[in-house]
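Dear colleague,

I am handing over the structure below, and after it you will find an account of what came out of the analysis. Please read the two side by side.

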Amino acid sequence: MTTAPPRSATLDPETLRGDFPILATRVGDSPLVYLDSAATAQRPQSVIDAEVSFLTSANSAVHRGAHTLAAEATELFEDARAAVAGFVHAAPEQLVWTSGATAGLNLVAYAIGNASLGRGGEAARRFALAAGDELVVTESEHHANLIPWQELAARTGARLRHITVHDDGTIDLEAAAAVIGERTRLVAFPHVSNVLGIVNPVAELVALAKAAGALTVLDACQSAPHLPLDLPALDVDLAVFSGHKMLGPNAIGGFYGRADVLEALPPFLTGGSMITTVTLDEAEYLPPPQRFEAGTQPVSQAIGLAAAVRYLDALGMDAVQAHETLLERRLRDGLRSVPGIRLLGDAPEGIDRVALAAFDVDGVHAHDVGQFLDARGIAVRVGHHCAQPLHRRLGLTASVRASASVYTTVADIDEFLDAVSGVRAYFGAGR
Ligand code: PLP
């Protein structure tokens, strides 16, 4: 099994790349330049090994069975919970496993829907919605943090409102102060936009929500892999993050909650493993986190995700952030200097960002740009990146997105910039 790299103040992606077997892949005649980490990041060997090791030596059902393997699997599973909870500065009981961030956000929306139907008893009444109550999101949501709230509004008669963004993609805090008010029951927003890379003003939004007595839900999918994340310090009530974006496996995500909020929230999925007593008429539920973990859990994925956060921890999230800030500047400065490129969310300097940039090439469709780059071994994301309302706001239907991770080198960014500078000429745009 490969060991995690030693912690150092700076991060050397050239050395790290050896930990990521897929980065040796060639695409046709070209070495792979992987700039699609915001969609799915690559996994170090230690993550792959952790899953394989579990499957080859301890695979078994957790929290059931009296045999040795079951006990070992349960211990590894709960150790993984403690490791991943620790990564976001939470207690293990505050971390619920889900199959991903989408599942976590739906869990909250359906749990609140259940509370609105009177489920969860007295404790859950604080979540119950009625006609006229308001849910607030931003214009820059990933669909995963939008559609569950649309559905919840439709089921309960609540009204869904949104906070607009400025032309430069930053959240309009004056609009936020106008939208969040005494009818607001929930404010859901992204820590980092998956299109713009902008780190949103969590403290300001949480303060507005708290003043209104509203619940806060943070989508931390695009921050957890890139910067130190202390969820209790951010003072949000609930948050989600996604394993496959933070060097971990697919089909695993974290759903974090403040202890008193999780205690009071009724379950969404029900069934095995989340109960104390069941009769033919009713069931009594376990406390969190098990109350929210009905059915067989993604055990090897949880163990893989724990290996991923150990890998990131060993690098040091400060070092990760410093490295990615360098890449982000090079990426954005480089794109700005290419004629005919419009950077989305080109907000003034001084705004914190992760190493991610989406752009439009004048006269060339995003999909053509993607194919042009792919022919040179460069993997980027094209389309609306599951953020149609934001693209609409910016006057586009699609864009090209390049995104980095710990293993991305300056040479990757330069290779990408060099290729992008040839796109318009290749397609005869601007003639
Ligand atoms: N939220 C954001 C900001 C994302 O970027 C993504 C993934 O693209 C999601 C939510 C959905 O995450 P998952 O794939 O874990 O469901």
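**Strands, helices and the ligand site**

Strand β13 is joined by three bridges to strand β14 (residues 356-361), and the two run antiparallel; helices (H or I, at least four residues) and strands (E, at least two) are DSSP runs numbered from the N terminus, and two strands count as paired if DSSP finds at least two bridges between them. Within this pair, Arg-342 stands opposite Asp-360 in β14.

The model is a predicted one, in which local features need pLDDT of at least 70 and side-chain atom pairs count only at pLDDT 80 or more, while totals for chains, interfaces and linings use all residues. Residues are numbered from 1 along each chain as its sequence is written, and side-chain values use heavy atoms, with hydrogens and water left out.

The pair β13 and β14 belongs to an open sheet of four strands, in the order β13-β14-β17-β16, with antiparallel pairing. Because β13 (341-343) and β16 (381-383) each have a single partner strand, they stand at the edges, and one side of each is left without a neighbour in the sheet. Neighbouring strands of this sheet are turned by 30° against each other on average, direction ignored; axes here are lines fitted to C-alpha atoms, for helices over the stretch in contact, and angles run from 0 to 180 degrees between N-to-C directions. Helix α11 (residues 317-336) packs on the sheet, touching β13, β14 and β17 (399-403), and its direction makes about 15° with that of β14; contact means heavy atoms within 4.5 Å. Helix α12 (residues 366-374) also packs on the sheet, where it touches β14, β16 and β17, and the direction of α12 makes about 160° with that of β16.

There is also an open sheet of seven strands, with mixed pairing and the order β4-β10-β9-β8-β7-β5-β6. Its edge strands, β4 (95-98) and β6 (159-163), each pair on one side only, and neighbouring strands are turned by 20° against each other on average, direction ignored. Helix α3 (residues 68-87) packs on this sheet, touching β4 and β9 (238-242), with its direction at about 115° to that of β4. Four bridges join β4 to the antiparallel strand β10 (residues 253-257), and Trp-97 has Gly-254 in β10 as its bridge partner.

A hairpin connects β11 to β12 through four residues. Strands β11 (residues 275-278) and β12 (residues 283-285) run antiparallel and are joined by three bridges, with Ala-283 in β12 as the bridge partner of Val-278.

Oxygen atoms of the ligand lie 2.8 Å from a backbone N or O atom of Ala-101, 2.7 Å from a side-chain N or O atom of Gln-222, and 2.6 Å from a side-chain N or O atom of Ser-242. The protein covers 88% of the 390 Å² of accessible area that the ligand has on its own, by the Shrake-Rupley method with a 1.4 Å probe.

Two backbone details deserve a look. The peptide bond from Pro-288 to Pro-289 is cis, with omega near 5°, and Pro-289 sits in the loop between β12 and α10 (299-315). Asp-235, in the loop between α8 (231-234) and β9, has a phi near 65°, a positive value in a residue other than glycine.

Key. A polar contact is a pair of N or O atoms within 3.5 Å; within protein, one must be able to donate a hydrogen and the other to accept it, and residues adjacent in sequence count only if both atoms are side-chain atoms.
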